Every structure is written in structure tokens, then in C-alpha cells.
Amino acid sequence: RILIIGACGQIGTELTMALMKQYGPEYIIAADILPEAPGLKNYICLDVLDHPRLENVVREYSVTQIYLLAAMLSAKGEMQADTAWKLNVQSLLSVLKIARSNEVEKVFWPSSIAVFGPGAPRYNCPQHTAAEPLTVYGISKKAGEYWCNYYFEKYGVDVRSIRFPGLISHAIAPGGGTTDYAVEIFHGALKNGRYDCFLEEDNCLPMMYMPDAVRAILELMRVPKEKISIRTSYNLSAMSFAPCDLAAEIKKHLPDFRISYVPDYRNVIARGWPGSIKDDAARLDWQWRPEYDLQTMTADMFEHLSDKRGNGLPKPP
Ligand code: VAH
């Protein structure tokens, strides 16, 4: 069976659906910290930091793959440094230890372009370069990448990872990320016809639409072990845009949409990240290609969100 930890989060929500479709719902155990998750078959309430309980779940359900998505994102992590470090790193260490000493065949864990800092190339940031993160979240993801590589090299644990750009999705409300302006803006546009953006208008960031991100995870997890050349975490790229580019695209759908720029601490975080990413290794190792760009992502977001207008979305844990 497949265990998804963080199944109610931004990636987890859509990844759980995709894995159920690929393997069948009966093979999926969806876990999160929420007491319940209406509509999710085989849901269990699980604190990923409860190591004994986590190991019992892995044994009781004969888990062979673990997708660990539980994390505290960059903006929230700056306000709760100790909690972010503990959740983001201790959870990974716990999963790696359990994978090593049980019948777990593969592990997936998301890293982020937040591992890069001002010392990395601003544009076309390569796979191997200075990675001096300036956020607790980025530090935790960089440390986690080294742990993934360590458990692969020393114990042969087949853990695979992707450095995701900012992710945009319509399934759940944004949850504490610096790039979440690119999700909030759609809700503001539909609800109020306007959005006060917490980044400066020209703060360009690498971004990806969630369907591309979920497909990348499924593709990476199907790559034969011997073809995986990166055991820290793969750079992955789809598009790059600044708030002004996204606002202009939204105006094509809502001509009266208005945006204002009120930069806060998250603008400083974003300025420390690369504006675009080179993902040669992913293109070489598993023929990665993005399918959504700014235009098609925006159209698809409106298509989905307009149906949900005013209904409100589930909040991430
Ligand atoms: C964040 N969405 O904003 C995440 C992402 C590149 C940033 O990892 O914290």
C-alpha cells in the first residue's frame, strides 16, 4: 500500500487523487493531522512526529511507498522557526529511519527552490550551485536534501525528491507560502475584483501549475532506480512570472480587475530566490516537460474556481 502523509495539504490533496486513480483507492492510505477528511477513503489522523505510531501504520498496512508532504512553508516558517525546523526535518528523518528498517521500497519528499539564496545565479539557476538559504524553510529543505542523499548512499533507501517552484492550485486555500500570492490573487479577483499583492510588481519567481507538479512526482517515482542521477533533489521548472505578468493575464479574463502592491517581509524572502531554474537533469533522466504556461494555467484556474465562487475552499492543516 501507499501512504501519503500530508494528504490534506496543497500538494497532498491533488497527489492523493492522482495516486488513487493510478493504483486504486483501496491501495491508498491518506494521512494528515486533521481529525477527519470528509470524502477521503482510508483516511487516518496521524501526527507525523509520532514516530512509534507512524511505524505501526507502516507495518499494519504493509506500506511499500511513502509520500511525505507534511511541512510548514516559508512565510509561516519565519514566524514559527522552531516548529518549522522540527516538522520539516524530524518528519523526514522519521520516515527515512522507518523506510530503512521496514519493507518500504520508495519514498518521495518535496524540496524547494527555497534552498537557493542570493549567492545562486538569479536566472537559469543550475542544479549544482551555491545553495545558501536565507529562510528557516529553505534551511530545513537543504538539510533534508542532504539527509535523503545520506540515506540513499549509506543504507540504499530509494528516496526521491524534487525542488518545486511556487505551486499554484485551485483545490485548497493557500497555506503560508511566499508564492501563495499567485493563488490568493485568483480568489481576490473573483470575490472582490481586486487584490493587494504582498510582493513588488516585478518580483519574478519560478512557478508551476499543480497538475504539472503532480505529474512530475508520478513520473519521477516510475523512473528505474539506476536512471536516477540526483539523490539530493531535482531542479524542476515550468514557467517564471512576476505579479504584474499574472495581473495582466487575469485582466484578460476580468477586465475590471485591479491590483495594488503592498510589499511585506515576504517580498524580501522572494527576492532571495532565483527568478528562473534550469532543470537539465530532470529533462535528461526522465524526459521532463511542463504542460502548463501562464496563459493555460490562468484559464484553467478560472475554469475551476468560477464553479466554486463563494463556496470557500478547504483550508490546509
Ligand atoms: C513557499 N510554496 O512559498 C512554497 C515554495 C518556492 C516556495 O516552496 O514557501
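A polar side-chain atom of Ser112 lies 2.8 Å from an oxygen atom of the ligand. This is a predicted model, in which local features need pLDDT of at least 70, side-chain atom pairs count only at pLDDT 80 or more, and totals for chains, interfaces and linings use all residues. Residues are numbered from 1 along each chain as its sequence is written, and side-chain values use heavy atoms, with hydrogens and water left out.

**The ligand**

| Residue | Ligand atom | Distance |
|---|---|---|
| Ser112 | oxygen | 2.8 Å |
| Tyr137 | oxygen | 2.7 Å |
| Thr179 | nitrogen | 3.0 Å |

Taken alone, the ligand exposes 280 Å², and the protein buries 97% of that. Accessible areas come from the Shrake-Rupley method with a 1.4 Å probe; for residues, only the protein chains shown count as cover. The residues around the ligand include Leu73, Ser74, Ile113, Pro165, Gly166 and Trp273, where a residue is near a molecule or strand if one of its heavy atoms lies within 4 Å of it.

**The sheet and its helices**

An open sheet is formed by 7 strands in the order S3-S2-S1-S4-S5-S6-S10, with parallel pairing. Strand S3 (43-45) and strand S10 (234-235) are at the edges with a single partner strand each, so one side of each is left without a neighbour in the sheet. Helices (H or I, at least four residues) and strands (E, at least two) are DSSP runs, numbered from the N terminus, and two strands pair if DSSP finds at least two bridges between them.

Strand S1 (residues 2-5) pairs with strand S4 (residues 65-68) in the parallel sense over 4 bridges. Within this pair, Ile5 stands opposite Leu68 in S4. Helix H2 (residues 51-60) packs on the sheet and touches S1, S3 and S4, its direction making about 150° with that of S1. Contact means heavy atoms within 4.5 Å. Axes are lines fitted to C-alpha atoms, for helices over the stretch in contact, and angles run from 0 to 180 degrees between N-to-C directions. Helix H7 (residues 210-222) lies across S4, strand S5 (106-112), strand S6 (159-164) and S10, and runs at about 155° to S6.

**A loop residue**

Asn42 is placed in the loop between strand S2 (28-32) and S3. Although Asn42 is not a glycine, it has a positive phi of about 55°.

Key:
Polar contact = N/O pair within 3.5 Å; in protein donor to acceptor, adjacent residues only side chain to side chain.
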